[in-house]
Number of protein chains: 2
Amino acid sequence: MVTAQGESVLRGSPYRADCPTRRILDRIGDRWTVLIVGALWDGAARFSELRRRIDGISQKMLTQTLRGLERDGLVCRTVYPEVPVRVEYTLTEAGRTLRDPLRALEEWSIAHLGDVSASQEAYDRGSTSS
Amino acid sequence: MVTAQGESVLRGSPYRADCPTRRILDRIGDRWTVLIVGALWDGAARFSELRRRIDGISQKMLTQTLRGLERDGLVCRTVYPEVPVRVEYTLTEAGRTLRDPLRALEEWSIAHLGDVSASQEAYDRGSTSS
DNA sequence: CCGTATCCGAATTGATACTG
DNA sequence: CAGTATCAATTCGGATACGG
């Protein structure tokens, strides 16, 4: 549970900012990465199709996030030099292994979102009704 | 896998920004939340002890993140009206359930960080050596 | 079609100073 | 000890315009 790169975030102290989990969260914690991975789940997709599938993403952020994922070796970008050019994105094998941890997180979210929302409302009520 | 609140991020389209997973990632995706949850893993801790344990966190961010976790019902704050005052933080039962998904993420990180770093270096070399 | 470049406002974070 | 308040720096994200 402890590597040469850094210590566990969940156990051990002090908790270093450059531990593996923090580095990965810096990647998947942003607004779009998880959405893109999800959109590529079923297979390859073109740039414009991703743009259509992911509600609200701008062209800039789609490009930027895809570049980051490509740099990390999680997404593969293939250019077909046709006219007009066609670009397809797919998850790499490493990218597909993200499925399990992401699913665990999703299941936790679905199971606890109600409690969290209720707790938030209770907390906010307590603050305003002084 | 699909709730009344929103659709799965991993499957289904379009991928909505207000799905459960996105809401939870908005919480744990920030720079400090996971570190704090990790620091509270072994049991209760005082404010200043957390500050010492979490490398590089500022007083402001520790307070702010703890407030957020408290609002979400994941952390419990207890004030002991001694002199000087003592404040202890613990994970709630809901907070402790975060263990499994966080562990899954940590294990993925540890298993793949090497590959990711190598991929990054290769990618960066390819860009600069034009 | 698939981007890149630039500008700008909004949100995050940190440093610092001060309070019960 | 355990915060709150304020300000400045940085980063993020979106809109727009343009290029291969």
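How many residues of chain B are in contact with chain A? The answer is 57, and they meet 58 residues of chain A. The model behind these views is predicted.

**View 1. Chain B against chain A.** Together the two chains bury about 6100 Å². Carbon and sulfur atoms carry 64% of that area. Between the chains there are 14 residue pairs in polar contact, both partners at pLDDT 80 or more. On chain B, the elements giving two or more residues to the side that touches chain A are α1, α2, α4 and α6. Helix α6(B) supplies the largest share, 19 residues. By class, this side of chain B has 26 nonpolar, 14 polar and 17 charged residues.

**View 2. Salt bridges between the chains.** Chain B and chain A share 2 salt bridges. In one, the side chains of A:Asp124 and B:Arg71 meet at 2.4 Å, N to O. In another, A:Arg71 pairs with B:Asp124, and their closest N and O atoms are also 2.4 Å apart. A:Arg71 sits in helix α4 of chain A and B:Asp124 in helix α6 of chain B, so this pair joins two chains. How accessible is A:Arg71? It counts as partly exposed because its relative accessibility is 27%. B:Asp124 is partly exposed too, at 33%.

**View 3. A salt bridge inside chain A.** Over all chains, the structure holds 9 salt bridges. One of them links the side chains of A:Arg27 and A:Asp72 at 2.1 Å, N to O. A:Arg27 belongs to helix α1, while A:Asp72 lies in the loop between α4 and β2, so the pair ties together parts 45 residues apart in sequence. Both A:Arg27 and A:Asp72 are buried.

**View 4. A salt bridge inside chain B.** Here B:Arg27 and B:Asp72 meet through their side chains, 2.1 Å from N to O. B:Arg27 is in helix α1 of chain B, and B:Asp72 is in the loop between α4 and β2. The pair links distant parts of the chain, 45 residues apart. Is B:Arg27 buried or exposed? It counts as buried, because its relative accessibility is 18% and the cut-off for buried is under 20%. B:Asp72 is buried as well, with a relative accessible area of 6%. Elsewhere, in chain A, salt bridges with shared partners join A:Glu82, A:Arg86 and A:Glu88 into one network.

**View 5. B:Thr33 and its surroundings.** B:Thr33 is part of helix α2 of chain B, residues 33-39. It is buried, with a relative accessible area of 1%. A polar atom of its side chain lies 3.2 Å from the backbone oxygen of B:Arg27. Beyond its neighbours within four places in sequence, B:Thr33 is in contact with B:Arg27, B:Ile28, B:Thr65 and B:Leu69.

**View 6. A:Arg96 in chain A.** Chain A has 6 helices and 3 strands. From the N terminus, its elements run α-α-β-α-α-β-β-α-α. A:Arg96 lies in helix α5, residues 93-96. At 46% relative accessibility, A:Arg96 is partly exposed. Which residues does A:Arg96 contact, leaving aside neighbours within four places in sequence? They are A:Trp41 and A:Leu91. The side chain of A:Arg96 reaches the backbone oxygen of A:Leu91 at 3.1 Å. A:Ser119 is 23 residues from A:Arg96 in sequence, and their C-alpha atoms are 34 Å apart in space.

Terms used. Residues numbered from 1 in each chain as written. Chains lettered and ligands numbered in written order. Predicted model: local features only at pLDDT ≥ 70, side-chain atom pairs only at ≥ 80, totals over all residues. Heavy atoms only, no water. Helix = DSSP H or I, 4+ residues; strand = E, 2+ residues; numbered from the N terminus. Buried < 20%, exposed > 50% of the residue type's maximum accessible area, 1.4 Å probe, protein only. Polar contact = N/O pair within 3.5 Å; in protein donor to acceptor, adjacent residues only side chain to side chain. Contact = heavy atoms within 4.5 Å. Buried area = accessible area lost by both parts, 1.4 Å probe. Salt bridge = Lys/Arg side-chain N within 4 Å of Asp/Glu carboxyl O. Nonpolar A, V, L, I, M, F, W, Y, C, P; charged D, E, K, R; others polar.
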